[in-house]
Amino acid sequence: MKFLTVLTALVFATVATAEPIDKRACGPTNCVCNGIQGQFCGNESVNPACRNDHVYECARGSGRACDYGYRNSCARCGELQC
Ligand SMILES: *[C@@H]1O[C@H](CO)[C@@H](O)[C@H](O)[C@H]1NC(C)=O
């Protein structure tokens, strides 16, 4: 019985690690930015890799932004706050 308990715990731990349900996860992109740390809404007419309705975080130094995903204000007015 003890073995089964350990096995079950292991399976759950693996599933939990494999699928982090984190809405704030910042995914890798080809969206480039000015190298100043901070968040901004993408602009496809400036850089097609930066979607208009997504919010990005610019990484200081690398000049590469990661993608936080869809944000209402970016879709509505292209700003972090409307
Ligand atoms: C994208 O940038 C262009 C040029 O700066 C600007 O005219 C346009 O309004 C911007 N679009 C969005 C969705 O912010």
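How many bridges join strand β3 (residues 54–58) and strand β4 (residues 64–70), and in which sense do they pair? They pair in the antiparallel sense over 5 bridges. The views below come from a predicted model, in which local features need pLDDT of at least 70, side-chain atom pairs count only at pLDDT 80 or more, and totals for chains, interfaces and linings use all residues. Residues are numbered from 1 along each chain as its sequence is written, and side-chain values use heavy atoms, with hydrogens and water left out.

**View 1. The sheet has 4 strands and is open.** The strand order is β1-β4-β3-β2, and the pairing is antiparallel. Strands are DSSP runs of E with at least two residues, and helices are runs of H or I with at least four residues, both numbered from the N terminus. Two strands pair if DSSP finds at least two bridges between them. β1 and β2 (38–41) are the edge strands, each pairing on one side only. On average, neighbouring strands of this sheet are turned by 40 degrees against each other, direction ignored; the axes behind such angles are lines fitted to C-alpha atoms, for helices over the stretch in contact, and angles run from 0 to 180 degrees between N-to-C directions.

**View 2. Strand β3 is largely enclosed by the rest of the structure, because 5 of its 5 residues are buried.** Buried means under 20% relative accessible area, exposed over 50%, and partly exposed in between (1.4 Å probe, protein chains only). H54, Y56 and C58 point one way from β3, while V55 and E57 point the other way. In a regular strand the side chains alternate between the two faces of the sheet. β3 also pairs with β2, in the antiparallel sense over 4 bridges. V55 of β3 is the bridge partner of C41. Towards β4, Y56 stands opposite D67, and C58 has A65 as its bridge partner.

**View 3. β3 and β4 form a hairpin with 5 residues between them.** In the turn, G61 has a positive phi of about 95 degrees. A59 sits in the loop between these two strands and counts as partly exposed because its relative accessibility is 26%. The C-alpha atoms of A59 and I36 are 6.9 Å apart, although the two are 23 residues apart in sequence. Not counting residues up to four places away in sequence, A59 touches C33, G35, Q37 and R64 (contact means heavy atoms within 4.5 Å).

**View 4. T29 is a residue of strand β1.** T29 counts as buried because its relative accessibility is 14%. Its side chain reaches the backbone nitrogen of C31 at 3.0 Å. Beyond residues up to four places away in sequence, T29 touches Y56, R64, A65, C66 and D67.

**View 5. R24 lies in the loop between α1 (2–18) and β1 (27–32).** R24 counts as exposed because its relative accessibility is 53%. Leaving aside neighbours within four places in sequence, R24 is in contact with Q39 and Y68. R24 and Y68 are 44 residues apart along the chain, and their C-alpha atoms are separated by 6.1 Å.

**View 6. The ligand is surrounded by N43, S45 and V46.** Here a residue is near a molecule if one of its heavy atoms lies within 4 Å of it. An oxygen atom of the ligand is 2.3 Å from an N or O atom in the side chain of N43.

Technical notes. A polar contact is a pair of N or O atoms within 3.5 Å; within protein, one must be able to donate a hydrogen and the other to accept it, and residues adjacent in sequence count only if both atoms are side-chain atoms.
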